[in-house]
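Dear colleague,

I am passing on the structure below, followed by an account of what was found in it. Please read the notes with the coordinates open.

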Amino acid sequence: MSAEPRLAEVAEPEPAQQAAPGTDQAVKETLEDYTLRFAPRNYRRWTPMVVATTALGGIAYMADFSIGAGIGLAHGTGNALLAIAVAAVVIFVTGFPLAYYGARYNIDLDLITRGSGFGYFGSVLTSVIFASFTFIFFALEGSIMAQGLKLGLGLPLWLGYLVSTLMVIPLVIYGMTALSKLQVWTTPIWLLLMVGPLVYLVATDPGTVDRFLAYAGTDGDGGINTASVLLGAGVCLSLIAQIGEQIDYLRFMPPKTEANKRSWWTAVVMAGPGWVVLGALKQAIGVFLAVYIIAEVGASAAPEPIQQFKGAFDAMMPSWLVVPLAVVLVVISQIKINVTNAYSGSLAWTNSFTRVTRRYPGRMVFVLVNLGFALALMEADMFSFLNSILGFYSNCAIAWVVTVATDIGINKYVLKLSPHAPEFRRGMLYAVNPVGVVAFVAASGLSIAMYFHALGDALQPYSPVAAAVIAFVLTPLMAVVTKGRYYLRRSDDGIAEPLLDEDGNPSAVAYECHVCRQQFERPDVAACRTHDAVVCSLCLSTDKVGDHVLPAGV
């Protein structure tokens, strides 16, 4: 992880891009790390491996241990491991095209979604889905931290929830510049505390492995059951939207060239869809620790990571050190992921609000909104019905990610009905593209109905499969039916300079925005409707009367 400090070292914008006195708040905040917009080449100075290392530093969350434990306790080790593997394959396959597009064209998942079947306003639906992902998992991690604070300090859970929420606000204020620094010094400690107990238990008591593999679960007899596997996979697939947070880092990849293509592809695969390999391993460890805790303490404590690691530490070190170390592990993990959850969630809410209202109220407003939703879930004791929440949510997340991945993989590269290069600027896209919106609404709606037994008990476990299959089938079908006519409102943005250079990377040619007077690279600007000038994408978004927005045309 030693390469990570380089992200912090170059995290300030170029002098030409610093906001001038009196510049709109939107420009000041978004130039900090190009939130809500294309990430320019002159900001992306890191090597592919540096970006990948930093991206993987954000998946230290403890939720995987709870998810794995919950599935294992209910369905047994065999079904749990199969469920984890099935979900990991789906997440990897669907995450690959999204990660590629984020890294190749230097845009986040919302900007990718706009041009991949949803339209300028249609992707507001998916921004809300992603924002929901961040506050659901913030609440989950906050609940885990509150359990640790109760064990270590005796704080009541309601107060622990409040502490875990409020403590991230100072860190989130400073955006990704601060977050990258935070990941550097916490990661070695986190790795040592997480891996050490597992290695010790397996080495000193091989019988733990036998008990783990033989565990039958509370709902079964130890045999493999398709319904159990799919129910467990549905819970794991709630993490499919994590690719959005990975892309928040991958959008800072350097241009792909002949010289760096091997390291570039390695970084994209490892930090993009490859995150799920580590996630699946943590879920499997969660099953292992839960089975161990059942044998040592009892089933009631097994799903809680703080109890899992307390039990593991108890076997390898003095009793006076056990609780402090378990609490330190949980607190570090919670901070590492929840600053990112709060940050990414604030971006998703801000992005949606800015497009709908054409106003930018400041990102901190939505940091507080996101934290408010998370705190409400925690105070409602969401941890006690965790699998139900995640099982329901996964249907929406699967429908979204599969729709976008299918549009990229099939509609762009096979059918060639979707424009190959992504488009996200206002005026260039239709407000709503029925291709993605219809596929997403149909897939999520039908799968949610199945999840709540509306189509019978026998089909209920298959709701995540339905979400994926319907989205995969309807996305190209809608593209064929509409003949791709609703992707682009116009194909010419009024600027002669090509969007891509000779290597297929976004052009680095700079233009000055007529409205905010800042320098932006070619993909982030379009010609102005009323002046012989160009306007940046964010100023187009906040144009209340549409003076600068190009009309529909060629």
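R114 is buried, with a relative accessible area of 5%, where buried means under 20% relative accessible area, exposed over 50% and partly exposed in between, computed with a 1.4 Å probe and protein chains only. Its salt-bridge partner is D110, the closest N and O atoms being 3.3 Å apart, and D110 also counts as buried, at 10% relative accessibility. A salt bridge here is a side-chain nitrogen of Lys or Arg within 4 Å of a carboxyl oxygen of Asp or Glu. Both R114 and D110 belong to helix α6 (residues 109-118), where they are four residues apart, about one turn of the helix; helices (H or I, at least four residues) and strands (E, at least two) are DSSP runs, numbered from the N terminus.

Before going further, please keep in mind that this is a predicted model, in which local features need pLDDT of at least 70 and side-chain atom pairs count only at pLDDT 80 or more, while totals for chains, interfaces and linings use all residues. Residues are numbered from 1 along each chain as its sequence is written, and side-chain values use heavy atoms, with hydrogens and water left out.

The structure holds 12 salt bridges. One of them joins R425 to D493, with the closest N and O atoms 2.7 Å apart. Because R425 lies in the loop between α19 (386-412) and α20 (434-451), and D493 in the loop between α21 and β1 (510-512), this pair ties together parts that are 68 residues apart in sequence. R425 and D493 are both buried, and together with E423 and R522 they are linked in a network of salt bridges. D493 also has G553 at 9.7 Å in space, C-alpha to C-alpha, although the two are 60 residues apart in sequence. G553, in the segment after α22 (537-541), is partly exposed at 41% relative accessibility, and leaving aside its neighbours within four places in sequence it is in contact (heavy atoms within 4.5 Å) with R489 and R490.

Helix α13 (residues 242-250) deserves a separate look, as nine of its nine residues are buried, so it is largely enclosed by the rest of the structure. It packs against helix α17 (residues 319-357) at an angle of about 85 degrees, with their axes 11 Å apart. Axes are lines fitted to C-alpha atoms, for helices over the stretch in contact, and angles run from 0 to 180 degrees between N-to-C directions. The two helices are therefore roughly perpendicular, given that angles under 35 degrees count as roughly parallel, over 145 as roughly antiparallel, 65 to 115 as roughly perpendicular and the rest as oblique. Helix α7 (residues 124-153) and α13 pack at about 95 degrees, with their axes 9 Å apart, and the contact is made by F130, F133 and T134 of α7 with Q242, G244 and E245 of α13.

With regards
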